[in-house]
Amino acid sequence: MPRFKLTLEYDGAPFVGWQRQANGVSVQETLENAIFAMTGERAHLQGAGRTDAGVHALGQVAHADLSRRWPTFRLAEGLNAHLVPHPVAVLKAEIAPQDFDARRSATARHYLYRIVNRRAPLTLEARRAWLVKPRLDVEAMREAARTLIGKHDFTTFRDSQCQASSPVRTLDRLDIQGERDTLTFEASALSFLHRQVRSVVGSLVEVGAGRWTSADLKDALEAADRSRCGKVAPAHGLYLARVDYPPDP
């Protein structure tokens, strides 16, 4: 039974998140329905990351086993036809090794968070970025962000409903690009805690707005106390940008 690796892009706004749920339409369910419409098979999709409601993806990865060895171009084209009108696209379909697992085989996950820093309301960027009106000090945020790089107990920046067995994670990268109106936070790690990126971004905005200092952020991290987290950034500014895997043998 061939295993297929799918690279996906989607607008998270209309969905309850990646994972199939009883309270609304998920990205996973939408894709599984497209697979059934095209192939007649009820396949199970395993995603690399369980993005929350409203979170977008530029490079989500999932795998599924199908009984037929479909030509990959035809599979991608067919699924995209059946995904209309949902804002989900299969960017690429590939045959994967039988031991490939979209979640467990990943070596790094890369997220982007976008902020538009201005007074005027968002029009083109509505549902695509977080509007922050107070002028942010980007250099202060960059300095504070450096304290979060490396291996830490991220309890402060972990959702209270997070099901991970340990709050310890290694944050490999946390960069802030841009200078004025548009800021992009780039975070990379093997794995993240539930709402870790949004919690970190929200707390860095406290620094940028002058309500916290870099030392305050460091103290919040070391407290390992969720109540010390700043405002959690909204979901609509977050993007799962890319997932890395070992090179093919």
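## Where two helices meet

Ala140, Met141, Ala144 and Ala145 in helix H3 meet Leu204, Val205, Val207 and Gly208 in helix H4, where contact means heavy atoms within 4.5 Å. Helices here (H or I, at least four residues) and strands (E, at least two) are DSSP runs, numbered from the N terminus. By class, the contact of H3 with H4 has seven nonpolar residues, one polar residue and no charged residues. In this scheme Ala, Val, Leu, Ile, Met, Phe, Trp, Tyr, Cys and Pro count as nonpolar, Asp, Glu, Lys and Arg as charged, and the others, Gly among them, as polar.

A word on what you are looking at: this is a predicted model, in which local features need pLDDT of at least 70 and side-chain atom pairs count only at pLDDT 80 or more, while totals for chains, interfaces and linings use all residues. Residues are numbered from 1 along each chain as its sequence is written, and side-chain values use heavy atoms, with hydrogens and water left out.

## How the helices cross

Two packed helices are described by the angle between their axes and the distance between the axes. For H3 (residues 138-145) and H4 (residues 196-208), the axes come within 8 Å and cross at roughly 130 degrees. That makes H3 oblique to H4. Axes are lines fitted to C-alpha atoms, for helices over the stretch in contact, and angles run from 0 to 180 degrees between N-to-C directions; under 35 degrees counts as roughly parallel, over 145 as roughly antiparallel, 65 to 115 as roughly perpendicular and the rest as oblique.

## Around helix H3

How much of H3 is buried? Six of its eight residues are, so H3 is largely enclosed by the rest of the structure. Buried means under 20% relative accessible area, exposed over 50%, and partly exposed in between (1.4 Å probe, protein chains only). The buried residues are Val138, Ala140, Met141, Arg142, Ala144 and Ala145, and their cover includes strand E8 (168-177), strand E9 (182-189), H4 and helix H5 (214-223).

Take Val138 in H3, with a relative accessible area of 5%. Leaving aside residues up to four places away in sequence, Val138 touches Ile176, Gly178, Glu179 and Leu183.

## The nonpolar core

The largest nonpolar core has 73 residues, and those with the most contacts inside it are Leu31, Leu75, Ile115, Leu148, Phe185 and Leu204. Such a core is a set of buried Ala, Val, Leu, Ile, Met, Phe, Trp, Tyr and Cys residues joined through side-chain atoms within 4.5 Å. H4 gives the most to this core, with six residues.

Lys5 lies in strand E1 (residues 3-10) and is buried at 17% relative accessible area. Among the residues Lys5 touches are Val61, Glu94, Phe100 and Tyr245. Arg109, found in strand E5 (residues 108-117), is also buried, with a relative accessible area of 9%. The contacts of Arg109 include Ala48, Arg103, Phe192 and Arg242.

Most residues other than glycine have a negative phi, and most peptide bonds are trans. Yet a cis peptide bond joins Val84 and Pro85, with omega about 10 degrees; Pro85 sits in the loop between helix H2 (72-83) and strand E4 (88-96).

Arg195 is not a glycine, but has a positive phi of about 65 degrees. You will find Arg195 in the loop between E9 and H4, partly exposed at 34% relative accessible area. Ala224 has a positive phi of about 50 degrees, and is found in the loop between H5 and strand E10 (238-244).
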